[in-house]
Amino acid sequence: MGGDYAPEATVLGAIEAYKVLSADQKLVLIGDKDQTISILHENNFSPDNFDFVHTTEVIGMGEHPTKAVVQKPNSSISVGFKLLKEGSSGAMLVGAMFSVKAIPGVLRPAITSVMPKLEEGLGILVDVGANADCKPEYLVQFGVFGSLFAQYVYNIPNPRVALVNIGEEEEKGNLLCQAAYPLMKESGQFNFVGNAEGRDLFSDLADVFVCDGFTGNVMLKFAESFYVISRKKKIKDDFFDKFNYEQYGGSPILGVNAPVVVGHGISNAEAIKNMVVLCRDMVESDLTEKIKLAFQ
């Protein structure tokens, strides 16, 4: 029920996702059941293709995430996390932390995003907003998250992990980067290749780019503007088209006990479909269990 174009965009995205899922994979729509079924009928799609969990509350964009999750237990987000916990961005991150909870040993879960490379392939940026202020130890764990995500979800062998910094030299950067560099270098849990500058983000220098959530969010929003600007300037370019968020669906929260993906507030049906596909890939790769093993 959340999002600028919900519930219609979400339901239409579910219809498109249904078409690419296998017969044994079932989608559960959590929200106003009557409203949802009405949208399905308008699009000549049988409600029998989905399971439904009816909810009566909606968390608004302006509400305080922690308070909203607690005060609105019958919202689609709160109910969804309860089901996820039982095995059956704001509020998303709070729900992941309070319901699903962090994997033991994880200091801070992180949000990841995909960055297209200029030639071919893609890179993983982590963190992009969950942790505006970080300790050096957090960045080491982000490197573990990103490496496992790149390896098992995007099938990148032995992913190269870089620390986003203001120079390539080991001693460069603010106090956070100066302290994180030797920890990442000595970690042994991933293939650390040193520092990466902002200009390297779309290059083949690395497969995973690690930074604090403030830096990552600024870079992500800046990158998202490339697609918008190219459209406004009527520039048709395959590389800029790769910055269209719809292609990637959403941003996974890594380090919690179940697969969780945050969608963009302006997600349309195509983005919702690709979000579901990303969730499926995370489940099939058993990513959560692989992260748990890394932190045992």
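Biologist: Which residue stands opposite Ala 110?

Modeller: Leu 254, which is in β8. Strands here are DSSP runs of E, at least two residues long, and helices are runs of H or I of at least four, both numbered from the N terminus. Two strands pair if DSSP finds at least two bridges between them. Here β3 and β8 (residues 250-254) pair in the antiparallel sense over 2 bridges. Mind that this is a predicted model: local features need pLDDT of at least 70, side-chain atom pairs count only at pLDDT 80 or more, and totals for chains, interfaces and linings use all residues. Residues are numbered from 1 along each chain as its sequence is written, and side-chain values use heavy atoms, with hydrogens and water left out.

Biologist: What order do the strands of the open sheet have?

Modeller: Reading across its 7 strands, you get β6-β5-β7-β4-β3-β8-β9, with mixed pairing. β6 (191-196) and β9 (260-263) are the edges; each has a single partner strand, so one side of each has no neighbour in the sheet.

Biologist: And which strands does α6 lie across?

Modeller: β3, β4, β5, β7 and β8, and α6 runs at about 160 degrees to β7. For such angles, axes are lines fitted to C-alpha atoms, for helices over the stretch in contact (heavy atoms within 4.5 Å), and the scale goes from 0 to 180 degrees between N-to-C directions.

Biologist: How many residues does the largest nonpolar core have?

Modeller: In soluble globular proteins, nonpolar side chains tend to be buried together. A core is a set of buried Ala, Val, Leu, Ile, Met, Phe, Trp, Tyr and Cys residues joined through side-chain atoms within 4.5 Å. Buried means under 20% relative accessible area, exposed over 50%, partly exposed in between, with a 1.4 Å probe and protein chains only. The largest core has 39 residues, and Leu 139, Phe 142 and Met 184 have the most contacts inside it. Its largest share, 9 residues, comes from α6.

Biologist: What does Lys 117 form a salt bridge with?

Modeller: A salt bridge is a side-chain nitrogen of Lys or Arg within 4 Å of a carboxyl oxygen of Asp or Glu. Lys 117 has Asp 207 as a partner, with the closest N and O atoms 2.9 Å apart. Both residues are buried. Arg 160 also meets Asp 207, at 3.0 Å from N to O. Arg 160 is in β5 and Asp 207 in the loop between β6 and β7, so this pair ties together parts 47 residues apart in sequence.

Biologist: Is Arg 160 buried or partly exposed?

Modeller: Partly exposed, because its relative accessibility is 22%; Asp 207, at 6%, counts as buried.
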